[in-house]
Amino acid sequence: MAHLLREVGLDFVGAAPVRHVFARETAAPPEAVYAALAEDVAGWTRWFSAVTLARPIDGGARREIRLRGGGRFEETVLAAERPAVYAYRVDLANAPGSRAIVEEWRLTPSGAGTRVQWTVAVDGTAPFRASVRLARAGFARAFRGAVTSLDRRLAASAS
């Protein structure tokens, strides 16, 4: 059953009790990576294998996300600063024990490409926080696969 999460701001990324930060380089420039993240929300299903449904709602101010395994989220976009930052807060989730979740994507130029940094910041009950800590390797694997897949898609579309 879905429940409402606490409304937090972008500052939660640095203050959350549990934070996972991952980074990876792409050959694609920041503008292309940003467009895939923020402007083609529905396209997430083509490069982030954990995402089975992604759709913008409320004119792009919010998102509906469904994950493999049954996770469902409604999110509010907190930052859309082209081409450097895309972040969103989870407002409604079916993850038991979750109380606050923010994800932030930071893009910085790296040579001709982009350094993609993804931060997952969460709070919740003690069992929820523990499970998110234990899931770090899974988050890392999902991130690596997603960024690799996105980079390939962007390279193919640039050709």
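This is a predicted model: local features need pLDDT of at least 70, side-chain atom pairs count only at pLDDT 80 or more; totals for chains, interfaces and linings use all residues.
**Figure 1. Aromatic pairs, of which the structure holds 16.** The rings of tyrosine 34 and tyrosine 86 have centres 6.5 Å apart and planes at 85°, so this pair is edge-to-face. It joins distant parts of the chain, with tyrosine 34 in helix α2 and tyrosine 86 in strand β6 (residues 85–93), 52 residues apart. Tyrosine 34 is buried at 4% relative accessibility, and tyrosine 86 is likewise buried, at 3%. Tryptophan 118 and phenylalanine 139 form a tilted pair, with 6.1 Å from centre to centre and 50° between the planes; tryptophan 118 lies in strand β8 and phenylalanine 139 in helix α5, 21 residues apart. Tryptophan 118 is buried at 4% relative accessible area, whereas phenylalanine 139, at 23%, counts as partly exposed.

**Figure 2. Helix α5 (residues 136–158) and its packing partners.** The helix has 23 residues and reaches 33 Å from its first C-alpha to its last, close to the 33 Å expected. Its buried residues, among them Phe143, Val147, Leu150 and Asp151, pack against β2, α2, α3, β7 and β8.

**Figure 3. Threonine 76 in strand β5 (residues 72–81).** Threonine 76 counts as buried at 18% relative accessibility. Leaving aside neighbours within four places in sequence, threonine 76 is in contact with Ala61, Arg62, Ala87, Tyr88, Arg89 and Asp91.

Technical notes: Residues are numbered from 1 along each chain as its sequence is written. Side-chain values use heavy atoms; hydrogens and water are left out. Helices (H or I, at least four residues) and strands (E, at least two) are DSSP runs, numbered from the N terminus. The expected span of a helix is 1.5 Å times one less than its number of residues. Buried means under 20% relative accessible area, exposed over 50%, partly exposed in between (1.4 Å probe, protein chains only). Contact means heavy atoms within 4.5 Å. Rings of Phe, Tyr and Trp (its six-membered ring) pair if their centres lie within 6.5 Å; planes under 30 degrees apart count as stacked, over 60 as edge-to-face and the rest as tilted.
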